[in-house]
Structures are given as C-alpha cells and as structure tokens.
Amino acid sequence: MEMLVPISLIMLRAFQTRKFIYIICSGIFSFYTMISAHRGVILVIAALLVVYFYSFSNAMDKIKGCFLIGTSAIALYLSYKNILKCVINIMNKYNLSSRTLELLLEGTIGSDSGRDIIWETCIESIKQHIVIGTGIASDRVILHAGVGEFYAHNFVLELMVAFGMLLGAFLVGIIIWMGIHVIRMKTLPEWRNLFLAFYIVSIITLLTSNSIFVFQPMWIAIIVFCILRKKEKFSNARN
C-alpha cells in the first residue's frame, strides 16, 4: 500500500504531460504493485485511472478512451485465464508468486475474507450506541473481543461506531463533499491535483481496509484541502 501514493503522483504527471517516461513508469509500478500487494490495490488504481482520465481528457479523448477500454475489456474477458496462466508460469520460474493473480484465476477475487463478520459486528455496535457511539478507535476493542480483529476495514462504519450514526454520517458526508467539490474545481490546478492524488488513494483504500484514524494519506489530503479552501476563498475575494 505504501507504493500507492507515489504511483498516484506519477500517474498524475503521466496524464498531465503525456510524456513516455511517466506513462511507462506508472504502468510498470502499477502492474508490480497489483501483483505483489493485496487485491484492494486494483480498485485504487482503477479509480485513479477513471478520475484522471475524466479530469485531463477532452470530449474526443473521452470517446476514444471509452471505445478503447470497452474493446480491451472484451478482449481480456475472452482470454484473461490464458494470460493469467502465462504470467503465473513465468513468475513461478523465478520463484515468485502473486495471491491476487491466483484469486483472479480461481474466480474468487471478490471473496470478502471475513469482512462480513467484521462489518456485522460494527453494525451491531452502531445499533446499540446509535446516538453518541462508543468513542474514537473503540472499534479496536469491540472487534478484538468479538472476532479477533483490530480495524473495521471500512471508514464509514468506523466513524459511526466511534461517533454514533448521526455525527458519523455527517463526517462521512463532509469527506465525500470534499472530493466532489475539488473534482469540480476549475481553479488552483496544482493544489487540486495534489489533493486528488492523496484523496483517491485514501477513500478507496479505507472502504475495504485500514483505519481512517491512522491512515496518513487521508490526513495529508485533509490538510491539502484546508490549504486549497483558504486559497480558493482568497482568490474569490480578490475577484
């Protein structure tokens, strides 16, 4: 997961400049991270591609891109098992392995790995303490006692466990609003892009893994957003 922020920044430069060096580096690093890390990385990289493609492409590029993606998706669907077997065989020759590729080949990439039990435990806690919650990071205690885990692996449930449903939902709404607001911004492109590089990695990762209270990229995204908002207000005041 530590590679995702650098990949996000390199991919950002690739879409901004269209230079070969950034494109090839982002491709190599993305592929390496997808096969060596857990499957959540695939979701993060897919989200980065979608948001950056939407942000840095004109109308014609979007049409061409959608056609290319659609054609590639069909081709991969028809032959992905043979491709995966070939890649896995090559990796095995060098004593390498990839759990993500093996799950894709087995068709079990969508299994929840026990997340359903963790999330059910969190939901029960929310129901029992719906108004004020059980406190910051209390999900560690609840989950460790109940299922032997430490994180809710979902920032929405984590915030609602900590602060109750109302305040938790309000905080989740603010986090989502931050992303929508910045994506729609037309000014301050440098700060906008820096925010997105950290925000996309954070929001997708925290939907299925880790904890919002200790995930540093999310807090960096929040700090960048605060700076961006201050600059935006100053810019609007001058105009």
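Predicted model: local features only at pLDDT ≥ 70, side-chain atom pairs only at ≥ 80, totals over all residues.
Close-up 1. Leaving aside neighbours within four places in sequence, isoleucine 200 is in contact with Ala47, Leu48, Val51 and Tyr52. Ile200 belongs to helix H10 and takes part in the meeting of H10 with H3.

**Close-up 2. The crossing of helices H3 and H10.** Helix H3 spans residues 40–56. Helix H10 spans residues 189–208. Their axes come within 9 Å and cross at roughly 150 degrees. Angles over 145 degrees count as roughly antiparallel, so H3 and H10 are roughly antiparallel to each other. The crossing is right-handed. Twelve nonpolar, three polar and one charged residue make up the contact of H3 with H10. On the H3 side, these include Leu43, Val44 and Phe56. On the H10 side, they include Arg192, Asn193 and Thr205.

**Close-up 3. The largest nonpolar core.** This core has 38 residues. Tyr52, Phe155, Ile175, Phe195 and Ile200 touch the most other members. Helices H1 (4–17), H3, H8 (155–163), H9, H10 and H11 (216–238) each supply at least two of its residues. H10 gives the largest share, ten residues.

**Close-up 4. Threonine 187 in the loop between H9 and H10.** Threonine 187 has 41% relative accessibility, so it counts as partly exposed. Threonine 187 and leucine 228 are 41 residues apart in sequence. In space they are 9.9 Å apart, C-alpha to C-alpha.

Note on methods. Residues numbered from 1 in each chain as written. Heavy atoms only, no water. Helix = DSSP H or I, 4+ residues; strand = E, 2+ residues; numbered from the N terminus. Buried < 20%, exposed > 50% of the residue type's maximum accessible area, 1.4 Å probe, protein only. Axes fitted to C-alpha atoms, helices over the stretch in contact; angles between N-to-C directions. Parallel < 35°, antiparallel > 145°, perpendicular 65-115°, else oblique. Left-handed = near helix turned anticlockwise from the far one by under 90°. Contact = heavy atoms within 4.5 Å. Nonpolar A, V, L, I, M, F, W, Y, C, P; charged D, E, K, R; others polar. Core = buried A, V, L, I, M, F, W, Y, C linked by side-chain atoms within 4.5 Å.
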